[in-house]
Every structure is written in structure tokens, then in C-alpha cells.
Amino acid sequence: MAYQDDIALMSHLMRRAGFGAGRDEIEARVAKGYEATVEELLHPETQPPVDAYTLLRYQPASLLPGGQPPMGNLNWMFYLVNTKRPLEEKTALFWHHVFATGNSKVDNYDQLLEQINIFREKGLGNYRDLLLEMARNPTMIFWLDNQQNHGTAVNENWGRELLELFSLGAGNYTETDVRECSRAFTGWTFETKIPRAPYGRFPWKFEYRPEDHDDGEKTFLGHKGKLNGEDIINIIVQQPACARFICRHLYNFFVADEPQVPAWPIDPPRDPKAIDALAGVFKDSNFDMTATLRVLFNSDFFKNARFQHMKSPAEVVVSTLRLVGGHELPRPGYGELAMNTAYMGQDLLNPPSVEGWHTGKEWINSGSLMARVNFCAEKIGDPSLPGVRAIINRLKAKGNLSPDQLVDGCLDLLGPMVIRDDTKQELAAQAKAWGQISWDSDTNAQLADQRTSQMLQLIVATREYQFA
Amino acid sequence: MPATETTQKDPVIVVLQLTGGNDYLNTVIPYNNPLYRDNRKAVGIPDNQIMHLDETYGIPHYMAPLKQFWDDKKLAILHGVGFKDSPRSHFRAMDIWHTCEPIKVGTEGWLGRVAREFDPKKENVVTTVSMGPSLPRSLVVQGVPVACVAGPLERYGFLPTIQGEQRKQVLGRFAQMYQPAVGSGLVMDYMSETGLDSLKGEDILKVAPLKYSSTVQYPNSPIARKLKGIAQVHFADLGTRIFYCDHSTFDTHAGQNPGHGNLWTAVTEGIDAFMKDLREHNHADNVILLMFSEFGRRVRDNGSGTDHGAGGVAFVLGEQVKGGHYGEMPSLKPEHLVQGDMNPNMDFRSVYSTMLDKWLKLNPAPIVNGTFEQPAFLN
């Protein structure tokens, strides 16, 4: 019984800190221990990186300048499915939700992928450094028009979003602060981009132009001086609101669904003590993401928050592909595969706006629910895929299965999942209609495979499966 | 059938959203205006590729199929459409078009409100059909069902890989598993509603392609496939009153030629096939089609494309439409531009108001949040 609890807790950790895992991996991690696994996840450098050459060999166009969809999606999907550093990739997704930057305007997947790579490399590091990196990131500069923010003519786009969406949250600064903040970032631009046709594009590069910078006196959140952009960031991170804002984001992404960001100034957090705890370590560790996440994953509020989070489309697609296996190589058609998150409402590298995606319940509509259910059912219903085979083989090893054993066995290996009693009664009724299944002859085995995969399909079609 | 209170002749609207900000100036070209040439050195349409509508305006050759609708007086061109202080953000601008709330953030879509008027008791889950994977904000009102069709209609439905005798049984289980129950919480209840509405919609919508036959060949483009799906559902008389589809992306910052041409070729050829199909099936009289985009683009091109602008153009097309120009193109003179963009001179809610009042016979004010002038493009 205790062992089964360990399995359930480890599965929870892997769903949240990564993209789930098959039972073999869960068992190996349980043997290693919970805290040791958290440490391993927090130190991705101890695991091998994804082999980018495989991607290039199969999909050379995925790195061509100015690629069109689905090439950018394909590139990231390959990393998501293959990574041995699940938290690194999950944290990159987290920062992509926060620093939401999209191809609809940037129109350059190479630059967007480069930004994701910054999240991989620095997303578990120091938040202040990451914020500064974003301020100097040409993709972000272009996305929020800071190249049009001149000493003589201030453009407030970046200055405003920096405060509202990337650090403090609405209500924690004045319009004057927005103005002064924007002035401080005048002259932060990038080398002129070259139109695509006919020679492709040069990579974008940050450039600071002192002659275009407004070097005058500024007053920002009570601080006076000839502030430049870096000074602004140093002031921002010291604000108590900053720690709370980033930690509420962490909570919403890793622990349990919060209301949408625009409601945060009005609605209190679901678990204020958890936010306090996270904000405390965030500040004490000098904004270290690894230290903050270590506290998060080892906390009771995290361990107890099972199935309190609606899976994002990226989580649905990636966790399903990693579970069923057989999708490691980026063969022809991989781009279409990668577009499945978009069909569910999350076009990776192309969020609907700088506000990012609305999460939780707002992921669901008739089309997206159907897309979720059908994608998962199609994959889990294919017994030729190695991960599905592994589930069937584990059930098969138990011998003949009664209807209840079939239901319990499938729920266990897909989670262990916790579902409502009435949902379970329906599954049991279906299994009962099929009767006992067994693999004792070729004919029976074929039927047993089919019944098992249909039961798995029915389970991934439940409402409960949409939660992690 | 749930379509008890509707008949074939109930007015239907089709909305085709041109996502990304369509370039007004290269769509309805003021070909005699020297300021057009001055501002469009890189992406201007050469004179020999402009089809004249009259002495003032022309359309680019790649929109050729629209010419016939214009000549037949079935195409209304709505000039200078937009709103005051137009944000240059796609998403905010699109949100404003969807919710009719230019100041605050709206929660209800205008077409969702229309659907609620048509079917207040939620008797028909396919009153609104949207062809595409996401749910446009314009259709969102709490408790109002929308059937979102992400792929071909033939494959619409849950668990398409389970077929044969098993299917009915398994979908029956699915319906049972999605029954709302006391104490399961708001989110689970919302999922129940969505799941069960979609399940009902499946049975209804799936018959549409089975009943369909036509001599019309649609081109092979995403928008043509969506329009064909709309035609199929419309012909099946399922009581659908609102159809939604989109084509993208008109965000032509760079590579506008030939990008803009490819987009409009697909859209206009699709519409041409769609209208032919409607006529062939004697289902054209009760349909009007609205095309809009969240904003127009900057007057002066940027060397290879055009940046986000303000005032744009909308089109309404159909058998019952009174073709012609409505409103006028905002001035291109530098002193009249707002941050380099055409200043909108027709509120987008005016366009909606005419459609609501004259076509759908609904009071526009509560739907578009106010009273607006109604350009008379419908009788």
C-alpha cells in the first residue's frame, strides 16, 4: 500500500515537473527516491541533451530562416517529446506562458526558438538575469516595439508589459511609472532586420544606442536618478509585488489552477500561505528559480494538489506522445503531429497575445474538448505503439482479468488516476458487458488487446483525464 | 429534429474573418489617387493588374471572382470601418470586433448574444457552427452552445476510431460519464455541458455530408473546405443560423506580394464556389456573408509589406444585398492620417446593426452595446 502511494506521488511529480512517465520510469524513480528525483530534475545538466542532429537530418527545413508553421512547432515538439531533462523543457514552457511572444507578429521562428533556448538555459537560474535577458532579447524587443522607443519619442509597449505582465502585475505601479520605465529603455534596440525575400534573414542582435537614449532624470517607484533599463530591473525585482506575482504564476502553472491573470488584483490566491512560502524563498535566494522550485516540489501543498490542474494542450499532447512512445523520430508528418496543440487551442510559439493563454477551464470548448479526447484516444487505442504495448503487457502478466480488474488495472497504469465513483461505475459497466478477458489463445488475445485498448480509450475520454 | 422552430427560409449569416489585418488599400484600390502610388512604392498593384469597379475604385486581379458579384449588385463595400482609438494590437482589436466593447474587456460575444436570442432554451446545439479548432470570442456567451468543427464534417465526433456495433455502446457510456452531478464543481459541470452538447451535435452534423451532392467543384484550400462544410450543414436544414469561419494570416508585414494575392485568391475562389453551390441548391436567398478584418494596414508601405493600421474595409455579399459603396474611404492626405493610418469613419457596430435589424430582425442596441447609424445595404 505504501509503495502504491509512492508510485502515485512520483507520477504526480512527473506530470507536473515534466510530461508524465510510463510505469517503468516511475518505478525506477521511486527506487531512487522523491527528493533525489526532485534534485535530478532541478539539475538538467546531469542528463544528456536532445540530439539536435537527428532533427536536422529528418527535417532540415525546421531550421531554415523564416520558416512557416508548422516548422517552429515541429522543432519544439521534437525537444518536448525527446527530452531527458523534463523540468528544463517544462520550465521553458512556463516562461513561454509568461513572456508570451508570438510568430503572428515576429514572423520568424528562428528568433522564437532562440528565445525558447534562453528559457532552457536560464529558466532555472536567476529571475533578475532572465528579465534583463528578455529586455535585451531582439525577439522581445520587436514583439513589443521597443525598437520604436526613442529618446525623442517614447513608445510604451515594452515598458508597460514589463510591469503589467512580466514582473509586478496590474495595480502595483502608476501610469507615471510606465512612462518613466519606458524612458529608461529608450535606445534599447536591435540591428535592423533584413526583409526575408530573396536572401533570407540575418540573425537579430541586441544593440544599445546611447544617442537614442533619454539620459535625463527619472523617478520610478520612488527611486530617482538618471535611471537606465538595468536600474529599472534592479528596482523591480526588489518590490514585494514582484515575488508574489512570479510565485503566483509558478503556483498556477505547477500546483493548481488560479483565476486568469487580469483577475489577480481582485481575487486573492487560492492558497495565500503557499504564495507566502514561495515568495519568501524567491526573495531570500536572490530570485533563484531552482531554490524556489525546490521548495515548491517538496512542499505539502504541492504534494496534495493532485489533479487540481487542467492540462494545457501542450501537456496533453506531449504527455500522451511520451506515454505511448513511437514518436521519437521527426519523420515526415511530424509537423502535422506538432500542430495538435494548436487544434486544442495552444499554438506553441504563437500565443494569442502578449497576455499569453488563458488557462484552466478556459482551455475547454466543444472543439477543443473533442480534439483532446480524440487525439488521446487515437494514440492510446493503438496497441502497436510500444508504450501502449507495455501497458497491455503489464495487464497480461496478471493472467485473466475480471471486468473490475480490467478497469482498476487501466486506471492504475494511466495514473494512478483518481476518478469520480459514478464515472468508475460506467467504466465497470462497460467492462462487465465485455466479460472476463484473457490472453490464453490467439483469438482471445486479439480480443483482449482490443478490449484493453478500448477501455484505455474510454478512460482518456473522461473529464478526469483532462486534469493533471 | 431539434430544429422545430426554424424553417429553411429563416435568415442565416455567414461570417468570414480575415485574420491578421487585411490591407484595405490593396483590396479596394483608389487607383486615380496619386497618394496611393506615392505611399505604395513597393507593394502597389500595377495599373494593368487592377480591375476597375467604377471610376474611382478597383480590385486587384487576384480578387477577380468578386467582380461578378459587384456587377450583379450583390456586393456591398463598407468603407473606413473600424473604431476610435483603434489599438494596433491584433488581439485587442479582434476582441473589440468580437465583443463590441472598445473600452473595457467584454465577456460576451455579439454572435453569442444573437444565438441566445434565437434559441434561448438551448434546444438546438447546432444553432451556431464554427468551422475551425478554436472558439472565436464573438461566439462566446455562457451557456450558449457552439459546435466547433475542427476537421472534415465526416469525422466530426468523439472517438472516431471506435466504429461498428461498439460505437453506440461506447458513446452511450461517454454520455453517462459526462452527466453532471451535484457537488462535482463548476469546472466539471462546464465540461459536462460542453461534452454532452458536442455529443448531441455530432449526431446532427454528421448527416450533413451524407445528404450532400453537388456539381460544384470547390478549390483545394482550407477556406474552401470550410465553406463547403458550411454549405453542407446549411443544405441539411438543421436550424443553423450562424456560421463562422476564418482565413489567415493577412498580417502582411513582409512579402506582401505575392502573399496578399494568395490569400485573396483562396478566399474569393472559395466564395465563388460557395455561392454557386448555394444557388444550385436553391439555398442562396436566405444567406448573407460578412467579411471583416480586425484593422487595415499602414498607408505607407515598409519596403516589402505593410504594418498594422486602423481603418479597414468590410464586405457584405448575398442575393438580398444591395450592392454598392457605403461610406467613403478616409482621406489619405498626410494631415488626415492618425499615426500614419487611415482614420476610421464608420463604426464597425454600424455594420452589425444593419445586419441585425434588417436581416435577422433583432434589436441591435443590446447586442452591439449602443445605437449606431445603419448603412442601408439591406432592404
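These legends describe close-up views of a predicted model.

Local features need pLDDT of at least 70, side-chain atom pairs count only at pLDDT 80 or more, and totals for chains, interfaces and linings use all residues. Residues are numbered from 1 along each chain as its sequence is written, while chains are lettered from A and ligands numbered from 1 in the order in which they are written.

**View 1. Domains of chain A.** Chain A is assigned domain 1 (1–42), domain 2 (126–303) and domain 3 (381–466). The bounds come from an automatic or database domain assignment. Between domain 1 and domain 2 of chain A, the C-alpha centres are 33 Å apart.

**View 2. Domain 1 of chain A against domain 2 of chain A.** Here 7 residues of domain 1 of chain A contact 7 residues of domain 2 of chain A. Contact requires C-beta atoms, placed from the backbone, within 7 Å. On the domain 1 side, α1 (2–17) and α3 (34–42) of chain A each supply at least two residues. Helices (H or I, at least four residues) and strands (E, at least two) are DSSP runs, numbered from the N terminus. α1(A) gives the most to this side, with 4 residues. The side holds 5 nonpolar, no polar and 2 charged residues. Nonpolar covers Ala, Val, Leu, Ile, Met, Phe, Trp, Tyr, Cys and Pro; charged covers Asp, Glu, Lys and Arg; the others, Gly among them, count as polar.

**View 3. Chain B against chain A.** In this view, 43 residues of chain B contact 36 residues of chain A. On the chain B side, α3 (90–99), β7 (147–149), α5 (165–177) and α6 (186–211) each supply at least two residues. α6(B) gives the most, with 9 residues. This side of chain B divides into 23 nonpolar, 17 polar and 3 charged residues.

Conventions. Contact = placed C-beta atoms within 7 Å.
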